[in-house]
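User: Please walk me through one part of this fold in detail. I'd like the packing of its elements, with cut-offs spelled out as you go.

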Amino acid sequence: MENRRIIRRPEVLSKLGISSTTLDRKIDGGLVTKPVSLGARSKGWPSNEIEVLITATVAGCNDQETKHIVSRLHTQRRLLTEGITYTLEQGEER
């Protein structure tokens, strides 16, 4: 498995080279994935998702293509969660 970690907002801003306001606009517009909750007042992004978005930018993806990528990343999160839940439920039945 790749070296994945959760990165916080300042690092995301630095990696994407954008301001905090622009990040918020991109999230609201579906151009950046939503952060994941790390606690009551803490959020971050999976580093692999930010790397995918950087790659899309370098590749020259337009907004429509980027929105599709973000949608796929959110779907992958959901499927991963469902897979973990299923695995835990299966383990509890044994």
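Analyst: **Helix packing and the sheet**

Helix α1 (residues 9-16) and helix α2 (residues 20-28) have axes that come within 10 Å and cross at roughly 90 degrees. That puts α1 roughly perpendicular to α2 (65 to 115 degrees; axes are lines fitted to C-alpha atoms, for helices over the stretch in contact, with angles from 0 to 180 degrees between N-to-C directions). This is a predicted model, where local features need pLDDT of at least 70 and side-chain atom pairs pLDDT 80 or more, while totals for chains, interfaces and linings use all residues. Residues are numbered from 1 along each chain as its sequence is written, and side-chain values use heavy atoms, without hydrogens or water.

On the α1 side, Arg-9, Val-12, Leu-13 and Leu-16 meet Ser-20, Leu-23 and Asp-24 of α2 (contact means heavy atoms within 4.5 Å). By type, the residues of this contact are four nonpolar, one polar and two charged.

Two bridges tie β1 to β3 (residues 42-46), and Ile-6 has Pro-46 as its bridge partner in β3.

Ser-47 belongs to α3 and is buried, at 11% relative accessible area (buried is under 20%, with a 1.4 Å probe and protein chains only). Beyond neighbours within four places in sequence, Ser-47 contacts Asn-3, Arg-4, Arg-5 and Ile-7.

Notes. Two strands pair if DSSP finds at least two bridges between them. Helices (H or I, at least four residues) and strands (E, at least two) are DSSP runs, numbered from the N terminus. Buried means under 20% relative accessible area, exposed over 50%, partly exposed in between (1.4 Å probe, protein chains only). Angles under 35 degrees count as roughly parallel, over 145 as roughly antiparallel, 65 to 115 as roughly perpendicular and the rest as oblique. Ala, Val, Leu, Ile, Met, Phe, Trp, Tyr, Cys and Pro count as nonpolar, Asp, Glu, Lys and Arg as charged, and the others, Gly among them, as polar.
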